[in-house]
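Here is a short note for a colleague who is new to this structure. Please read the points with the model open beside them.

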Amino acid sequence: MAFTLYSLIQTAILCINAVAVLHEERFLSKIGWGVDQSVGGFGDEPGIKVQLMNLIRSVRTVMRVPLIAVNSVCIVLLLLFG
């Protein structure tokens, strides 16, 4: 399999799918990345863990509906062109 732009896009879509299906209570809270672990003081700069939790939460909220369309297009392209 050659390294093409389509394979790079497909890899990005698969990674976004992986983030979108993470369940907060079942998986993220077990490793210490739940909602209650992000308590910080007022004016403190958020750490990398809080920023990653916010990124995961925003991807799960915003990208849920567009991922359905993007995944459908990828499936149709794979069915048509192999």
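1. Start at Arg 60, which sits in helix 3. Helices (H or I, at least four residues) and strands (E, at least two) are DSSP runs, numbered from the N terminus. Arg 60 counts as buried because its relative accessibility is 17%. Buried means under 20% relative accessible area, exposed over 50%, partly exposed in between (1.4 Å probe, protein chains only). Leaving out residues up to four places away in sequence, Arg 60 touches Val 19, Ala 20, Leu 22 and Glu 24. Contact means heavy atoms within 4.5 Å.

2. A note on the source. This is a predicted model, where local features need pLDDT of at least 70 and side-chain atom pairs count only at pLDDT 80 or more, while totals for chains, interfaces and linings use all residues. Residues are numbered from 1 along each chain as its sequence is written, and side-chain values use heavy atoms, with hydrogens and water left out.

3. The overall plan. The chain has four helices and zero strands, in the order α-α-α-α from the N terminus. Of its 82 residues, 17% are buried. Among contacts between residues at least 6 apart in sequence, 61% join residues at least 24 apart.

4. Which residues line the largest cavity? They are Glu 24, Leu 28, Trp 33, Met 53, Ile 56, Arg 57 and Arg 60. A cavity is a set of points on a 1 Å grid over the protein atoms alone where a 1.4 Å probe fits but cannot get out; lining residues have an atom within 4 Å of a point. The structure holds one cavity of 30 Å³ or more. The space in the largest cavity is about 30 Å³, counted as that filled by probe spheres set on the points, which are joined across faces, edges and corners.

5. Who supplies the lining? Helix 2 (24-28) and helix 3 (48-62) each give at least two residues. Helix 3 gives the most, with four residues. By type, the lining has four nonpolar, no polar and three charged residues. Ala, Val, Leu, Ile, Met, Phe, Trp, Tyr, Cys and Pro count as nonpolar, Asp, Glu, Lys and Arg as charged, and the others, Gly among them, as polar.

6. Now helix 4. Val 59, Arg 60, Thr 61 and Val 62 in helix 3 meet Arg 64, Val 65 and Pro 66 in helix 4. This contact holds four nonpolar, one polar and two charged residues. Just after helix 4, Gly 82 has a positive phi of about 80°.

Note on methods:
1 Å grid on protein atoms, 1.4 Å probe; cavity = no way out; pocket = protein on both sides within 12 Å on 5 of 7 lines; lining within 4 Å.
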